[in-house]
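This report covers aromatic pairs and nonpolar cores in one structure. Please look at the sequence and the model first.

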Amino acid sequence: MGGRALNASTGIADEALGPTITIGEILVEIMATTIGEGFRESQPLTGPFPSGAPAIFIDQIAKLGGGCGIIAAVGDDDFGWLNINRLEADGADVSAIAVLADQPTGSAFVRYRADGSRDFVFNIARSAAGHVRLTDQARTLIDRAGHLHVMGSAFAIPAIGAIVLDALRTVRAKGGSVSLDPNVRKELLSGGQGREALDEVLAQADLLLPSGEELFAAAGVADEAEAIESLLARGAREIVVKRGKAGASVFSASGRLDLEAFQVEELDPTGAGDCFGATYLTCRRKGMSMEQALRYANAAGALTVTRRGPMEGTCGFAELDSFIASQEGKPTP
């Protein structure tokens, strides 16, 4: 394994080493405009919106001016090109997105319940998202990468797990860094193989980005302090715990940092965690301090929830700076 080309102040590979890449699903999201239970009656819908956690993550990095690309697959249909066109326009490398003539683009239908929870109808496994392959273009993007971001949800798609592990080993051999968002439900893992692959990434991750129960699932313990201690002992350099309206915390060998969330009126929370994580990672790859990165990440998450559509809240540093400035001096509820 080659030497690590990590920034001494952040422990994350500098952007000069190569772009941030991820591997996973690209979807369209179609949203109900009514509040209620599920889709067992006709109702008005809005969309389609470009979506998929890995795609949202990469789009946010692109908006921040970071080098980035995604390995994925879409159908040769309007939904697929909607996503490709958005990502390309925002500055992401779309060369490793395969366009499959015989598969539809993945989709997610979502409806909000009265309590704020959501009902989903997904088509992922039987769509182009379930047929991601290690193409020549994907190989080229992996070889260029300086950082690999892994979505735990990717391991719900059997074909993607092997590509993630290939990319992990390639990026590590180059001296790059790895981050992991363990956003996966246990029931979605494909038997024991999915869990084993996730554990291999967990053992190699420099940066962890869990929220809620994901922290406990990753560590295998149900106490926050024990979970943090266990994951730092395994080699994680930074653990950023997303707490939604309660803000966020960063844990590292140097201690703990907490920042409150920005107070906004929530319209749609989909994609907020992805924008938060992408912003924190990009700031650290640019050499910013943990506190500065966390403040920008909190702002990105807050802005996202004020806009309808999972990718509609992605934004650049100028918009984040303007938002943060507008919040200064506001009383904390």
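## Aromatic pairs

Phenylalanine 109 is partly exposed, with a relative accessible area of 28%; buried means under 20%, exposed over 50% and partly exposed in between, using a 1.4 Å probe and protein chains only. The model is predicted: local features need pLDDT of at least 70, side-chain atom pairs count only at pLDDT 80 or more, and totals for chains, interfaces and linings use all residues. Residues are numbered from 1 along each chain as its sequence is written, and side-chain values use heavy atoms, with hydrogens and water left out.

Four aromatic pairs are found in the whole structure. Rings of Phe, Tyr and Trp (its six-membered ring) pair if their centres lie within 6.5 Å, and planes under 30 degrees apart count as stacked, over 60 as edge-to-face and the rest as tilted. Phenylalanine 39 and phenylalanine 109 form an edge-to-face pair, 6.3 Å centre to centre with 80° between the planes. Phenylalanine 39 is also partly exposed, at 26% relative accessible area. The rings of phenylalanine 120 and phenylalanine 122 are stacked, because their centres are 5.0 Å apart and their planes at 10°.

## Nonpolar cores

A nonpolar core is a set of buried Ala, Val, Leu, Ile, Met, Phe, Trp, Tyr and Cys residues joined through side-chain atoms within 4.5 Å. The largest has 48 residues, and Leu87 and Leu320 have the most contacts inside it. A second, separate core of 43 residues includes Ala73, Ala96, Ala128 and Val201.
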